[in-house]
Structures are given as C-alpha cells and as structure tokens.
Amino acid sequence: MSDETRSDRSLTASERETHVWMSDDDDLVHIRTEIRKHVNRIRKDDRFAVTQTGFIGDTAFLEATIPADRWTPTTGAKRSRNLTEDQRNALRTRLAAARATRNDEGE
C-alpha cells in the first residue's frame, strides 16, 4: 500500500465518486473512492486489500481490491457465515417450513 498526495485543491461533493471495475480477464474487483464513508468502511473491512491511499487536497481517497468471487454487483462484498452443523440443520428446517407455507398459500 502506498500513500500519495496529488493536489492542493480538494474535491467538491459532485467530484467525489466511487468507481468499481472488473473484467473477465482478472480475478479481482478494483475499487477507487473519494467518498469518506466508503473510504472508512473499506479500510476497516478485512475482505478488501487496500492498495493505495492518499489525499487530493483535503479529500482522502482509497484504492482497494477484493477477489471477484467475493463480490456481486448488486450487493457488493459477499458475507460469509461459519455455521455449525446444528445451525445448518435449523436453517434447513426453517427454509423447508417457509417453502411449505408459501406453496400451501399458492393453492
């Protein structure tokens, strides 16, 4: 990770953006943001690898990557849960009951 300062002029609200890009050729999703809320969230999240941080004037920016299989365009970074076998069985039972209720209502 490298730090960089680019300019004396800070970005305005309409200039602060978050960009996400990926390609079929790459196993990583690349993110660049100047939005403070996104900078802070990504910096604190272990799923992201921060590759560069810095300032444009007083505006902080961050660049990071996340493995493509841990990202979805609709919801962002995927969450993972480490469940015990008992927890998995309980969830299966709840899902089966919910599906049965839905199917009974459809008739």
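Mentor: Contact means heavy atoms within 4.5 Å. The model is predicted: local features need pLDDT of at least 70, side-chain atom pairs count only at pLDDT 80 or more, and totals for chains, interfaces and linings use all residues. Residues are numbered from 1 along each chain as its sequence is written, and side-chain values use heavy atoms, with hydrogens and water left out.

Trainee: Which residues is isoleucine 66 in contact with, leaving aside its neighbours within four places in sequence?

Mentor: They are Asp27, Leu28, Val29, Ile31, Arg47, Phe48, Trp71 and Ala77.

Trainee: Where in the chain is the confidence lowest, and where is it highest?

Mentor: The predictor's confidence in each residue is pLDDT, from 0 to 100. Helices (H or I, at least four residues) and strands (E, at least two) are DSSP runs, numbered from the N terminus. Strand 1 (residues 2–5) has the lowest confidence, a mean of 63, while strand 3 (residues 28–33) has the highest, at 97. Over the protein chain the average pLDDT is 90, and 92% of the residues score at least 70.

Trainee: Is isoleucine 66 buried or exposed?

Mentor: Buried means under 20% relative accessible area, exposed over 50%, partly exposed in between (1.4 Å probe, protein chains only). Isoleucine 66 counts as buried because its relative accessibility is 0%. This residue belongs to strand 5. Leucine 62 is also found in strand 5, and is buried at 0%. Glutamine 52, in strand 4 (residues 49–56), is buried with 12%. For a contrast, take glutamate 85 of helix 2 (residues 85–106): its relative accessible area of 44% makes it partly exposed.

Trainee: What is in contact with leucine 62, apart from neighbours within four places in sequence?

Mentor: The list includes Ile31, Val39, Ile42, Val50 and Gln52. From glutamine 52 to leucine 62 the C-alpha distance is 5.7 Å, at 10 residues apart in sequence.

Trainee: Which residues make up the largest nonpolar core?

Mentor: A nonpolar core is a set of buried Ala, Val, Leu, Ile, Met, Phe, Trp, Tyr and Cys residues joined through side-chain atoms within 4.5 Å. Here the largest has 10 residues: Val29, Ile31, Val39, Ile42, Phe48, Leu62, Ala64, Ile66, Trp71 and Ala77. Strand 3, helix 1 and strand 5 (59–67) are the elements that give two or more residues to this core. Strand 5 supplies the largest share, three residues.

Trainee: Which residues line the largest pocket?

Mentor: On a 1 Å grid over the protein atoms alone, a pocket is an open set of points where a 1.4 Å probe fits, with protein on both sides within 12 Å along at least five of seven lines; lining residues have an atom within 4 Å of a point. In this model the lining consists of Thr18, Val20, Ile31, His38, Arg41, Ile42, Asp45, Phe48 and Trp71. Strand 2 (18–21) and helix 1 (36–44) are the elements that give two or more residues to the lining. Helix 1 gives the most, three residues.

Trainee: How many of the lining residues are nonpolar, polar and charged?

Mentor: Ala, Val, Leu, Ile, Met, Phe, Trp, Tyr, Cys and Pro count as nonpolar, Asp, Glu, Lys and Arg as charged, and the others, Gly among them, as polar. The lining has five nonpolar, two polar and two charged residues.
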